[in-house]
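Student: Can we go through the charged pairs in this one? I'd like to start with the terms.

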Amino acid sequence: MCRSLISRRTLALLVILTACTPEPTPFPVDVPATPASTAAPTAALPATAGVIRYALAANTAGLVADLPLLEQSAQVITLETVVNPADLGSRYDIIAAYGDLPGGQRSPVEHQVALVFNPDLPPTNDNAVVAALKHAVNPTNILTSLALPGAVPQASASVPTRAVREALANAGWPDGFDLTLAVTHAPGAAPLAAALARVNVTVRAETVTDAAFASGAAQLALVVWTSPDDRAEWEARIGAANVFPLYTLPISYLAVPGLTISYTPTGWPLPGR
């Protein structure tokens with residue numbers, strides 16, 4: 001069974017439904033609402049008196065945990081193309097993105113993205129396997145793929161791919177294995193899976209929505225936190241060795257004059273008049 005173990009301010013957690021016999025320890029759960037569908041990237045939001053037009057950059061698609069809060073104060077669209085600052089004031093009243101926007105303001109809240117390992121499911125219940133998988137993942141390479149200005153890697157792997165494969169073979173997995181990765185509002189699942197594929201580990205990502213996903217188990221999870229307390233809760237639950245910080249992501253925004261800006265619990269700018 002699953003239960004909630006992490007506080008609301010933990011930004012992107014996951015649901016893991018595990019088998020009943022024996023029942024492995026579930027990861028913490030805090031499932032956000034499913035994001036609303038996005039509009040066409042070229043569509044300008046209509047200028048309606050009193051309505052704030054809010055554009056989220058394409059790099060936030062499906063990753064904004066507090067989207068329902070934003071939609072309570074603004075008309076929100078998620079872009080599918082690169083942010084154009086010239087659209088500020090003409091098409092949109094506020095534009096927010098992961099990473100630094102040219103001329104933008106940063107949110108005071110940064111997202112800390114980490115890979116966590118389930119210590120109650122094979123093969124991630126083997127310390128040697130966990131150590132090898134950490135060496136297979138280079139956060140700097142993931143950030144290069146994501147192209148988010150201002151993002152900072154929290155770790156760096158320099159172990160050659162061949163050495164990682166040998167370590168997995170010595171741990172009893174010469175042909176690699178399959179893993180399930182649970183993802184909520186954490187960017188980087190695709191390049192992470194690509195990195196693990198190079199060491200013969202096939203990753204199936206399960207995106208967590210407002211409904212519990214199909215019965216199964218996840219050995220890995222890509223999570224987000226915003227405070228040391230959130231990280232401490234993860235480490236207390238599954239052990240510090242099973243928590244692997246990857247990178248820190250800023251949130252930035254551009255806003256027309258006259259808006260008052262506060263912030264949602266997950267750090268997204270919340271506009272008002």
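Tutor: Buried means under 20% relative accessible area, exposed means over 50%, and partly exposed lies in between (1.4 Å probe, protein chains only). This is a predicted model, where local features need pLDDT of at least 70, side-chain atom pairs count only at pLDDT 80 or more, and totals for chains, interfaces and linings use all residues. Residues are numbered from 1 along each chain as its sequence is written, and side-chain values use heavy atoms, with hydrogens and water left out.

Student: How many salt bridges are in the whole structure?

Tutor: The search finds 7 salt bridges. A salt bridge here is a side-chain nitrogen of Lys or Arg within 4 Å of a carboxyl oxygen of Asp or Glu.

Student: Which residue does Asp87 meet in a salt bridge?

Tutor: Asp87 meets Arg91, at 3.6 Å from N to O. Asp87 counts as buried because its relative accessibility is 18%. Arg91, at 27%, counts as partly exposed.

Student: What about Asp93, which residue does its side chain meet?

Tutor: Arg273, at 3.8 Å from N to O. The two are 180 residues apart: Asp93 is in the loop between strand 2 (75-78) and strand 3 (94-98), and Arg273 is in the segment after strand 13 (269-272). Strands are DSSP runs (E, at least two residues), numbered from the N terminus.

Student: Is Asp93 buried or exposed?

Tutor: Asp93 is buried, at 8% relative accessibility, whereas Arg273 is exposed, at 57%.

Student: New topic. Which residue forms a salt bridge with Glu206?

Tutor: Arg204, with the closest N and O atoms 3.1 Å apart. Glu206 is partly exposed at 23%, and Arg204 is partly exposed at 48%. Elsewhere, salt bridges with shared partners join Arg53, Asp93 and Arg273 into one network.

Key:
Helices (H or I, at least four residues) and strands (E, at least two) are DSSP runs, numbered from the N terminus.
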